[in-house]
Amino acid sequence: MSEIELYVHPTCTSCRNAQAWLDERGVAYERRDYFRNRFTKDELSGVLASAGLTPRDVLSKRARAYKELVGDRDLTDDQLLDLMIEEPTLLR
């Protein structure tokens with residue numbers, strides 16, 4: 001297994017650029033389309049913890065789902081994780 005795990009949404013330009021950068025340099029990585037192979041809550045929590053991030057750090061406020069599901073609500077990290085699992089567009 002590679003040391004680098006790349007989590008992508010295929011229509012995301014930043015994701016495609018990151019993958020191209022790694023490919024150009026011959027860097028081995030494991031690629032995961034998190035829309036087709038969705039995270040479990042424990043997986044997502046672990047990924048964020050290993051990167052030193054919170055759900056708020058990776059919350060996409062530009063996503064349409066943000067306005068619908070989050071908006072002005074004061075949600076806990078646990079609630080945000082649940083929403084991110086339900087609606088991956090909330091991840092950036």
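Is F35 buried, partly exposed or exposed? F35 is partly exposed, with a relative accessible area of 21%. Here buried means under 20% relative accessible area, exposed means over 50%, and partly exposed lies in between, with a 1.4 Å probe and protein chains only. The model is predicted: local features need pLDDT of at least 70, side-chain atom pairs count only at pLDDT 80 or more, and totals for chains, interfaces and linings use all residues. Residues are numbered from 1 along each chain as its sequence is written, and side-chain values use heavy atoms, with hydrogens and water left out.

The overall fold comes next. The protein chain has four helices and two strands. Along the sequence they follow the pattern β-α-β-α-α-α. Helices (H or I, at least four residues) and strands (E, at least two) are DSSP runs, numbered from the N terminus. Taken along the principal axes, the C-alpha atoms fill a box of roughly 45 × 25 × 20 Å. The protein chain has 92 residues, and buried residues make up 33% of them.

E5 belongs to strand β1. E5 is partly exposed, at 40% relative accessibility. E5 and E30 are 25 residues apart in sequence, yet their C-alpha atoms are 4.8 Å apart in space. D33 sits in strand β2, which covers residues 30–33. D33 is buried, with a relative accessible area of 9%. Between D33 and D57, 24 residues apart along the chain, the C-alpha separation is 20 Å. L48 is part of helix α2. L48 counts as buried because its relative accessibility is 6%. L48 and L6 are 42 residues apart along the chain, and their C-alpha atoms are separated by 13 Å.

Aromatic contacts were examined next. The structure holds three aromatic pairs. Rings of Phe, Tyr and Trp (its six-membered ring) pair if their centres lie within 6.5 Å; planes under 30 degrees apart count as stacked, over 60 as edge-to-face and the rest as tilted. The rings of Y34 and F35 have centres 5.2 Å apart and planes at 40°, so this pair is tilted. Y34 is buried, with a relative accessible area of 8%, whereas F35 is partly exposed. Ring pairs join Y7, Y34, F35 and F39 into a cluster. F39 also has a charge over its face: R32 lies there, at 4.5 Å from the ring centre. A charge sits over a ring if NZ of Lys or CZ of Arg is within 6 Å of the ring centre and within 35 degrees of the ring normal.

On a 1 Å grid over the protein atoms alone, a cavity is a set of points where a 1.4 Å probe fits but cannot get out, and a pocket is an open set with protein on both sides within 12 Å along at least five of seven lines; lining residues have an atom within 4 Å of a point. Grid points are joined across faces, edges and corners, and a volume is the space filled by probe spheres set on the points.

The largest pocket has a volume of about 610 Å³. Its lining is made of 24 residues, of which C15, Y34, V58, L91 and R92 lie nearest the pocket centre. The elements giving two or more residues to this lining are β1 (5–8), α1 (13–24) and α2 (41–50). Helix α2 provides the largest share, four residues. The lining divides into 13 nonpolar, seven polar and four charged residues. Ala, Val, Leu, Ile, Met, Phe, Trp, Tyr, Cys and Pro count as nonpolar, Asp, Glu, Lys and Arg as charged, and the others, Gly among them, as polar.

There is one cavity of 30 Å³ or more. The largest cavity holds about 40 Å³ of space. Y34, R38, F39, M84, I85, P88 and L91 line the largest cavity. Six of these lining residues are nonpolar, none is polar and one is charged.

Finally, the cysteines were checked. The structure holds zero disulfides, a disulfide being a pair of cysteine sulfur atoms within 2.5 Å. C12 is in no disulfide, and the nearest cysteine sulfur, that of C15, is 3.1 Å away. C12 is partly exposed, with a relative accessible area of 24%. C15 counts as buried, at 12% relative accessibility.
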